[in-house]
Amino acid sequence: MAKDMKLSKEERKAKVRKHTKKIIHIFFKFFLIFLIFFMVTNILVFVILNIYHHNQLDKEKQYLVQTGKQVEVNGHYMNVVTGGKEDAKYTYVFMHSARIVDDSVALQPLWKEMRDDCRFAYVDRSGVGFSDVSGESREIDVMNDETRKALLGAGVKPPYILVPMGTAGIEALHWANKYPDEVIGIFGIGMSYPEQYEGMKTIDYCGFTDWLMVRFFKVGGSRLVSSLKPEDLAGIYTNDQMETRKALIYKGAYTDDMYEEDLAMVDNAAKVQKEGWPKDIPITVLYGNPVMEPYIKLDKEKQETIKKAQETRPDLDYAEVYNYDLREFYKDKKNVTFEELSGPSRVYTFDPKGVKEKLVEFGKNVESKQK
């Protein structure tokens, strides 16, 4: 201390600066070591995950047996599934939602219920399920053009009753507006509609994290996301069907085409909203209600959510209010009928018989109006 007191003011400042620089140097040295360790560890993790992922993909090929027909469309191949009565007067065309890659299998229990009464078709959009990644624009006219060509290439001609699920509702409405001679009805299952995207910016819907997710899933990241794994609460799927659904998800849970589709979603919805809803065809919209029985008795997570909600609003009928906003939106649309079934948003994975009955009833009503 006495020695320091003898130092001049400038000398003391210089000593403090030297000591500070030494501390900063040590800090950055350890930080750099930590950063290198962190980067190397992560690289090793992703390398190991990628190796494991591709080894598993080889094993899972046994489940990836296509049940559809490969149809060449604009230089790439698309998977088209057809079935049911060959002599039916119209075809139910199922259209999967964005980020859903396993519907070629997930819909099979429903198709089994329909096969004696109806003709149906299904198309995996580009980059989804058993269809090739196209690398093409996902503007709505491009996607609809591909689907229409795939159907015709598989020998499935109009008239169609479109059965859009989720975001495919946007495409179905556009299809009916642009090609009214091909579409005699729309039966939406949990379908989205353009007004849900009103005022939204593309960056709000799809951004850099989505781009990163494509890369993450390519190295096997989908295997680490438990929420992606399909469920079978109703016990309607065989073991092979469940393994195939999982294999499809692990193979291509989120591809480049799917990312581009998300990137185009807001603009596509705005285009269809400007066109307006088709007014000259019957439309039924069916939504799952996971708060209704019997589904609520099987979904433990949903039970916990409702239980917590009831702590603050015990008087509320949660099954009644679950789809309230949807009912309110549709009530002024004269050609739209709103329906509900107990089950998740993909209600056909829980109650295929109930969905089939409503589809057949809708088809008969459409046919009677055609006469």
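# Salt bridges, loops and a pocket

Visitor: Which residue forms a salt bridge with Arg148?

Guide: In this predicted model, the closest N and O atoms of the pair are 2.7 Å apart. The cut-off for a salt bridge is 4 Å, so 2.7 Å passes. The partner of Arg148 is Glu182.

Visitor: How many residues apart in sequence are the parts that Arg148 and Glu182 tie together?

Guide: Start with the two places. Arg148 lies in helix α5. Glu182 lies in the loop between α6 (168-178) and β6 (183-189). The pair therefore ties together parts whose separation in sequence, in residues, is 34.

Visitor: Are Arg148 and Glu182 buried or exposed?

Guide: The cut-off for buried is a relative accessible area under 20%. Arg148 and Glu182 both fall in that class: buried.

Visitor: How many salt bridges does the count come to?

Guide: Arg148 with Glu182 is one example. Glu146 with Arg138 is another, at 3.0 Å from N to O. The count of salt bridges comes to 26.

Visitor: Is Glu146 buried or exposed, and what about Arg138?

Guide: Look at both ends of this salt bridge, Glu146 and Arg138. Glu146 and Arg138 share one label. That label is buried.

Visitor: How far apart are the closest N and O atoms of Lys61 and Asp58?

Guide: Check the ends of this pair first. Lys61 is exposed, with a relative accessible area of 54%. Asp58 is partly exposed, at 48%. Their salt bridge has its closest N and O atoms at a distance of 3.6 Å.

Visitor: What is the phi of Asn74, about how many degrees?

Guide: Asn74 is in the loop between β1 (69-73) and β2 (76-84). Its relative accessible area is 45%. Exposed starts over 50%, so Asn74 counts as partly exposed. Although Asn74 is not a glycine, its phi is positive, at about 50 degrees.

Visitor: How do β1 and β2 run?

Guide: These strands form a hairpin with two residues between them. Lys69 stands opposite Val80 in β2. Five bridges join β1 to β2, and the strands run antiparallel.

Visitor: What is the relative accessibility of Arg99?

Guide: Arg99 lies in the loop between β3 (91-95) and α3 (103-106). It is not a glycine, yet it has a positive phi of about 65 degrees. Arg99 counts as partly exposed, with a relative accessibility of 37%.

Visitor: Where does Pro159 lie?

Guide: The bond before this residue is worth a look. The peptide bond from Pro158 to Pro159 is cis, with omega near 10 degrees. Pro159 sits in the loop between α5 (140-153) and β5 (160-164).

Visitor: What is omega near for the peptide bond from Glu293 to Pro294?

Guide: Pro294 is placed in the loop between β7 (283-289) and α11 (295-298). The bond from Glu293 to Pro294 is cis. Its omega is near 15 degrees.

Visitor: Which element gives the most to the lining of the largest pocket?

Guide: This pocket holds about 1,100 Å³ of space. It is lined by 44 residues, and those closest to its centre are Ile100, Glu231, Pro344, Ser345 and Arg346. At least two lining residues each come from α9 (239-252), β7, α11 and α12 (300-312). With four residues, the element that gives the most is α12.

Visitor: How far apart in space are Trp211 and Asn365, C-alpha to C-alpha?

Guide: Trp211 lies in helix α8 (residues 208-218). It counts as partly exposed, at 34% relative accessibility. Trp211 and Asn365 are 154 residues apart in sequence. In space, their C-alpha atoms are separated by 44 Å.

Visitor: How many disulfides does the count come to?

Guide: Cys118 counts as buried, at 3% relative accessibility. Cys206 is buried too, at 2%. A disulfide needs two cysteine sulfur atoms within 2.5 Å. By that rule, the count of disulfides is zero.

Methods:
Residues are numbered from 1 along each chain as its sequence is written. This is a predicted model: local features need pLDDT of at least 70, side-chain atom pairs count only at pLDDT 80 or more; totals for chains, interfaces and linings use all residues. Side-chain values use heavy atoms; hydrogens and water are left out. Buried means under 20% relative accessible area, exposed over 50%, partly exposed in between (1.4 Å probe, protein chains only). On a 1 Å grid over the protein atoms alone, a cavity is a set of points where a 1.4 Å probe fits but cannot get out, and a pocket is an open set with protein on both sides within 12 Å along at least five of seven lines; lining residues have an atom within 4 Å of a point. Grid points are joined across faces, edges and corners, and a volume is the space filled by probe spheres set on the points. A salt bridge is a side-chain nitrogen of Lys or Arg within 4 Å of a carboxyl oxygen of Asp or Glu. Two strands pair if DSSP finds at least two bridges between them.
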